[in-house]
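Here is a note for a colleague who is opening this model for the first time. Please read the points with the structure in view.

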Amino acid sequence: LKKFAVVFAVTAGHNGGGTENAYPKRFMDWLNERYPCVATNGDQGQHKYVKTNAADSISHFIFWSTVTSIEEFDLVFIEFNIGDSFVNGLPHALEDKGPAGLTKEYQGSWYFEVLLRRLLLLRKPDPVAIITFNADYIGRMWAYPPWFEPSNARKMLFRNNQEPLKIWVSSWYEIPVFSSVIWMLPLAGKKGIDWQFNGTVNAYSTSAWHADACCHPKPSGHLILSLVLAYCIMEEERVMLSYNELDTADGERDFTMDATPTMREPLYLSPQEDDLYVRNNLTYSGFDFTDPSKGEKSWENIIVARDGWTWYADNKDKDKYGYIADGISGGQHIAISLSGGHYGKVELSYVVSYENFGVALVWVDESIDNVHKEGFCSEEADNVKTGMPQRLVAIWDAKASVPKVELLGKGLNEGETNKTLHICLTPRSQNRKGTENKFKLLGVRVY
């Protein structure tokens, strides 16, 4: 079993002793003990746990390559109901969602659905199993002030609480759901809601298992979660090996596993959004600087200015191409001619890395000159300053280099022509990791 977890706080062991004490590590240790495996070379193998280092559904939308770059995996845990409550805005939508689109519940669910639909269509090399981990705020709904005022909380079940919505979306796609909170509420409520978090008086209080009033289990709580997963695996095994007709039923079929997957109609995405972001079928224009078959000459007419940017492959195998700027003092500038697309979106893809990469600025105007040459492009840009163009931060927390996809804050409407996209590298600040200051542009897409 090659397991992959889309990680946030509970999966990372927040307030529960870190990743070494969190349920994925406990579960994988149990799998290796219970079901030892053999590697392809005949040696003793290991079930592996891989995490992605992105914090919510929109992070995995932007850093989708952290998923697709994993060569093989079988099982996915998604734990985003808290993370998605911090999603702010819906810039990738191709249509006006109305007042609903202004709510965090809608925004988080939109990105969550994109993630589910992408995973359901993914083959690594076979279809992957998906479990939604509902680590969320429902434990607070019955808590005393200041966490929540129970009578008000019950009157606004769906507001500021993503659990009912995420259960609904998961159910729509027939994806099983676990909770790190619900199973303990009957015990926690034995002495009444006033004592839910009072571990001194109530032996069954939520605080006996959770480290805080939100949803983060203590190490003992993680042991219970891994126990639940182990029990379910063993039940599946028992049914599979029993061949008892009483244990099985004809009637369930996952149509997304077919050679030509059949997907349900999306709940939050428009058909155009599904075509573009899930199926990659929508028409767009752009420039893929990673493709060496086209070569530099194919872009010579659209790159209208270039100072300190070079197109080459900077990896050991010399096969990962892009336009690269490198310099401690910054100021390197590239200008690309663009015209607007049907939906007004301009998408940039670039590399982010743990060390040696920096921050670039991007803007659009009608000139080929670098109007910020003596200003923002010559200043460190670790923090946003008044009037500063949009920042492209190529710094990544994990020890890896991965592509990132980011929208231009102010796009180009259909019919807008003779516009110029500018990118300049800013100087390296002293608090960066590594000694270099690079930026690697992979492509530009307009739709």
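1. Aromatic cluster. Rings of Phe, Tyr and Trp (its six-membered ring) count as a pair if their centres lie within 6.5 Å; planes under 30 degrees apart are stacked, over 60 edge-to-face, and the rest tilted. One aromatic cluster is formed by Phe287, Phe289, Trp299, Trp311, Tyr321 and Tyr323. By this rule the count comes to 21 aromatic pairs.

2. Basis. This is a predicted model, in which local features need pLDDT of at least 70 and side-chain atom pairs count only at pLDDT 80 or more, while totals for chains, interfaces and linings use all residues. Numbering runs from 1 along each chain as its sequence is written, and side-chain values use heavy atoms, with hydrogens and water left out.

3. Two pairs to look at. Tyrosine 106 and tyrosine 268 are edge-to-face, at 5.0 Å centre to centre and 85 degrees between the planes. Tyrosine 106 belongs to helix H4, and tyrosine 268 to the loop between helix H8 (219-242) and helix H9 (271-278), so this pair ties together parts 162 residues apart in sequence. Helices here are DSSP runs (H or I, at least four residues), numbered from the N terminus. Tyrosine 106 is buried at 16% relative accessible area; tyrosine 268 is buried at 10%. Buried means under 20%, exposed over 50%, and partly exposed in between (1.4 Å probe, protein chains only). Tryptophan 110 and tyrosine 111 are edge-to-face too, because their ring centres are 4.8 Å apart and their planes are at 80 degrees. Both of these residues are buried.

4. Cores. A nonpolar core is a set of buried Ala, Val, Leu, Ile, Met, Phe, Trp, Tyr and Cys residues joined through side-chain atoms within 4.5 Å. Which members of the largest core touch the most other members? They are Trp110 and Ile336, out of 75 residues. Helix H4 (residues 104-121) gives the largest share, nine residues. Apart from this core lies another, of 12 residues, including Leu31, Phe77, Ile131 and Phe133.

5. Isoleucine 336. Leave out residues up to four places away in sequence, and isoleucine 336 touches Phe287, Phe289, Ile302, Ile303, Val304, Lys419, Thr420, Leu421, Leu441 and Val444. Contact means heavy atoms within 4.5 Å.

6. Charges over rings. A charge sits over a ring if NZ of Lys or CZ of Arg is within 6 Å of the ring centre and within 35 degrees of the ring normal. The charged end of arginine 118 sits over the ring of phenylalanine 61, 4.7 Å from its centre. Arginine 264 lies over the face of tryptophan 172, at 5.0 Å from the ring centre.

7. Salt bridges. The whole structure has 18 of them. The rule is a side-chain nitrogen of Lys or Arg within 4 Å of a carboxyl oxygen of Asp or Glu. Glutamate 237 meets arginine 34 at 3.4 Å, N to O. Glutamate 237 is in helix H8 and arginine 34 in helix H1 (residues 23-34), so the bridge ties together parts 203 residues apart in sequence. Glutamate 237 is partly exposed at 21%, and arginine 34 is partly exposed at 40%.

8. Lysine 419 again. This residue forms a salt bridge with glutamate 416, with the closest N and O atoms 3.9 Å apart. Lysine 419 is buried at 15%, whereas glutamate 416 is partly exposed at 24%.

Conventions:
Helices (H or I, at least four residues) and strands (E, at least two) are DSSP runs, numbered from the N terminus.
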